[in-house]
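Here are some notes to read alongside the model.

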Amino acid sequence: MTGRVLVGVKRVIDYAVKIRVKPDHSGVVTDGVKHSMNPFCEIAVEEAVKLKEKKLIKEVVAISCGPQQVQETIRTALAMGADRGIHVEVSGKDYENLGPLQVSKILAALAKKEEASLVILGKQAIDDDCNQTGQMTAALLDWPQGTFASEVAVEGDKVKIVREIDGGLETIKVNMPAVVTADLRLNTPRYATLPNIMKAKKKKIANVKPQDLGVDLTSRVEVVRVDEPPQRQAGMKVETVDDLVGKLKEAGRI
Amino acid sequence: MSNPLRGEVIRLYKNLLYLGREYPKGNAYFRERLKTAFMKNKDVTDPEKIRKLIDRGEFVIKELEALYFLRKYRAMKKRYYEPDH
């Protein structure tokens, strides 16, 4: 075991920004909009750094796929404690069509190349909500997976993972190497403060092209149309309970 | 001489400025109040008092980090989980 952990981080529109759909309904407005690291990816980075601080693993490598701007996201991961970064250069049409299938192929290739013991990802991205990349990566590598992790414990060459599932918690033990996807309650990510960002400038980010990894980026999915959710109807105020019952009968609800 | 502490004060100001970019009421709002708060104490010379003010600044940094985390956590919880989960 190399004791190396790969963490995938995605640059997404900041969670607090009000999303606007483009007038031609081809997508969402991204120009000039604030972007930051996907919140679930932050939790993934934090978990990897925690494992390193506990001396259970030796190196944390932060990976992101996209154009030049994703380097900001990798720098944030470095400021949180990752040791080095890998920027997989994808731009233009390829980036627009980049989805979980392509990213998981890239991550699988890198996991093999870097001889990783663990790949930690966020459970889903807040822009596409796919919740597929972790699962696909594990399948491509034929590695076990622990998804929706709310607790991760490395025990020798095995990992004990507590998963958040419908109706409660499930504890599993898997052999390493493995893929883990982080859920909300896994940990509290540290803030990347200015001094940490400054220190992280010394850390290296390597540039890699998907072709170098032998990955085909063609997408089998095409976005046909993007629409806003239907506008909420204004509520009505009523004076008495009888009024309420009357209105509900009118609307055919009772 | 408050010179050795001058560097610390400037560093504190820069760190707070960086944190202010994510402030819910907007960066401009935060920057204005940050400048006012620091300017109010610009004539303090006693190193003890300066140290206390720097410590207060560090405390504000911790409070902002907590604010940002809670805000994000609550937004994620509301969007992705059932009400009682």
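1. Start with the salt bridge. B:Lys72 pairs with A:Glu42, and their closest N and O atoms are 2.9 Å apart. The structure is a predicted model, so this distance is a computed value, taken under the rule that side-chain atom pairs count only at pLDDT 80 or more. The count between chain A and chain B is 1 salt bridge.

2. Across the interface of chain A and chain B, 9 residue pairs are in polar contact, with both residues at pLDDT 80 or more. On the side of chain A that touches chain B, the elements giving two or more residues are helix 1 (39-53) and helix 6 (194-200) of chain A. The residues of that side comprise 13 nonpolar, 3 polar and 7 charged.

3. How many residues does each chain bring to the contact? Chain A supplies 23 residues and chain B supplies 19 residues. The two chains bury about 2,000 Å² between them, and 59% of this lies on carbon and sulfur atoms.

4. Now the interior. In soluble globular proteins, nonpolar side chains tend to be buried together. Here the largest nonpolar core has 48 residues, and those with the most contacts inside it are A:Val7, A:Val45, A:Leu118 and A:Val159. Helix 1 of chain A gives the most to this core, with 8 residues.

5. A:Val45 deserves a look in the viewer. Setting aside neighbours within four places in sequence, A:Val45 is in contact with A:Val7, A:Val9, A:Met37, A:Ala77 and A:Met80.

Key: Residues numbered from 1 in each chain as written. Chains lettered and ligands numbered in written order. Predicted model: local features only at pLDDT ≥ 70, side-chain atom pairs only at ≥ 80, totals over all residues. Heavy atoms only, no water. Contact = heavy atoms within 4.5 Å. Buried area = accessible area lost by both parts, 1.4 Å probe. Salt bridge = Lys/Arg side-chain N within 4 Å of Asp/Glu carboxyl O. Polar contact = N/O pair within 3.5 Å; in protein donor to acceptor, adjacent residues only side chain to side chain. Helix = DSSP H or I, 4+ residues; strand = E, 2+ residues; numbered from the N terminus. Nonpolar A, V, L, I, M, F, W, Y, C, P; charged D, E, K, R; others polar. Core = buried A, V, L, I, M, F, W, Y, C linked by side-chain atoms within 4.5 Å. Buried < 20%, exposed > 50% of the residue type's maximum accessible area, 1.4 Å probe, protein only.
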